[in-house]
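Please open the model in a viewer and keep the sequence panel at hand.

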Amino acid sequence: MATTDQPTGPGHTDDDELAEFGYKPELKRTLGNFHTFAAGISYISILTGTFQLFYFGYGSGGPAYWWSWPMVFVGQFMVALCFAELAARYPVAGSVYNWSKKVGNPHLGWLAGWMMLIASIVSIAAVALAYQLTLPQISSVFQIIGDGTGKYDVATNAVVLAAVLILFTTVVNAFGVKLMATINTAGVFIELVATVVLIVLFAVHITRGPQVVMETNGTGAGHGAGYLGAFLVASLASAYVMYGFDTAASLGEESRDPSRNAPRAIIRAIVASFVLGGLILLLALMSVSSLKGKELSTDGLQYVVLDVLGPTAGKAMLWCVLIAVTVCALAVHTAAIRLAFAMARDNNLPASSLLAKVSPRFQTPVLPAVIVGVLALGILVVNIRQPQIFTVVTSIGIIMIYLAYLGVTGPMLVARLRGKWQPAGDGKFSLGRWGLLVNIGAVIWGSVMTTNLIWPRASVYNATAPFHWYLQWGAVLFVAVIAGGGFAYYWFVQRHRTGVLAGHRLEETPAEPAAPLAAPAAD
């Protein structure tokens, strides 16, 4: 990728880009290179996403669903490259919101931020539900509600376990970014080591060749478009995983040298996730004892781990998966807090003055941490008796994130076509002459995958009893209500109040008065 070659201006500081938005620095810069990388990769979370959704991808498309992993990577990598260029130019909290506001307009920025904020809250609940897929596999003690065979045992138990995790992430985030970063970094280190170990263990137990990814298990039979229809459904399992890389930039106001570190963190996070996640999925298919077991479509990778490694080593690996889920939920919660803070600082949310208040003790916005946690718990309660809780809740969150991403890449493309986009100088990351082509690809990809995600298929949103029309159309209805209702509130109420709050506004230093002219000497 090309970089602009402009000299670094004298006296440049980490807060210069912040001043361009009219904000004064308030958050403490304590995060280094690995911290920002850890934030991005823990949000994507290889072990969380692949273990949570393998059963869906395999059940929908057979082993050949693996090809959706590189397909989604190519599309999301184009988005990540656009975000890396934006992170070099605008490394500020609430990345998606502020980027959309800058390259588009304040109205579009609010809508992108609103969609991303609601999606992040939903995603916390969705990620926390992954505890149910792992803990009962480790021990039946964790199946607190019933024995797992009752109609609502699994869904209700999932809510209980998820609630414990959300309470944990709320407390940690309320105590400041340093504690969050310490836990997150340690968790990511364990996750990366466990991922490499798992790849090696799968590799030494392979029972079939890589041609396994050409098998469809006859999954295309029930689709009018044949296997293409099955593959598009199965591809959602990969689309549900590879997002959240913008979190590294959202922590820009708490990072050192963010305009250089954030772009690198974004790219490294998505590339590492693609390579490691792709190997896990491939080697799992090559090493599992049988491809015909129904457990592959119900228990997913948790079953593969126990099948290949045995109960002792397998359960040890599942504990590592549990750590990955924990730091993933922590990262998603952190990103939601920064986004809420960024919007509130612009007086763009109800009770903005309270939401934007930074604790002098913990140097973090505490109230958003609590409110985001409470709202995530509320989503769990609403869905407590729905067996489809995993796919429906997850899908809704991901759709809104893809729409929020389009709220950035779309106006960025318009700015490029109008010749108004200026990447960062000083040798910072820039796409150079490839920018337009990559940006076009990112917009096309985002539009196509959003359509695929939101399509009201019964196989995705209404696959098991109880069969209700509002479940099948739940994603369309929920997204429409959130987007339409939210923007109506903004247009008629909130936009008339928009403006950087006085306590967060960067006050210009008044110019020093000129020295008086010396009086002429007396004769």
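In which helix is the place of Phe189? Select Phe189 in this predicted model: the residue belongs to helix α9, which covers residues 177-203. Phe189 is exposed, and its relative accessible area is 54%; the cut-off for that class is over 50%. Phe189 and Met115 lie 31 Å apart in space, with a separation of 74 residues in sequence.

**The whole protein**

Next, display the complete chain as a cartoon. The protein contains 21 helices and 0 strands. Its radius of gyration is 24 Å, close to the 24 Å given by the globule rule for 523 residues, so the protein is as compact as a globular protein of that length. The C-alpha trace spans about 110 × 45 × 45 Å along the principal axes.

Of the 523 residues, 59% count as buried. Where residues at least 6 apart in sequence are in contact, 84% of these contacts join residues at least 24 apart. Colouring by charge brings up 30 positive and 25 negative charges, whose mean positions are 6 Å apart.

**Helix α18 and Met449**

Select residues 435-454, which form helix α18, and then pick out Met449 within that helix. Is Met449 buried or exposed? Met449 has a relative accessibility of 4% and therefore counts as buried, since the class requires a value under 20%.

Beyond its neighbours within four places in sequence, Met449 is in contact with Met71, Val72, Ser235, Leu236, Ala239 and Tyr402. For a residue elsewhere in the chain, select Asn261: its C-alpha atom is 29 Å from that of Met449, and 188 residues separate the two along the chain.

Ala351 is partly exposed, at a relative accessible area of 47%.

**The cysteines**

Finally, select the cysteines and show their sulfur atoms. A disulfide is a covalent bond between the sulfur atoms of two cysteines. How many disulfides does the distance rule give? The count comes to 0.

Centre the view on Cys320 to examine one case. The closest cysteine sulfur to that of Cys320 is in Cys328, at 16 Å, which is too far for a bond, because a disulfide requires the two sulfur atoms to be within 2.5 Å. Cys320 counts as buried at 18% relative accessibility. Conclude the tour at Cys82, which is buried with a relative accessible area of 0%.

Terms used:
Residues numbered from 1 in each chain as written. Predicted model: local features only at pLDDT ≥ 70, side-chain atom pairs only at ≥ 80, totals over all residues. Heavy atoms only, no water. Helix = DSSP H or I, 4+ residues; strand = E, 2+ residues; numbered from the N terminus. Rg over C-alpha atoms; globule rule 2.2 N^0.38 Å. Buried < 20%, exposed > 50% of the residue type's maximum accessible area, 1.4 Å probe, protein only. Contact = heavy atoms within 4.5 Å. Lys, Arg positive; Asp, Glu negative; His and termini not counted. Charge placed at Lys NZ, Arg CZ, Asp CG, Glu CD.
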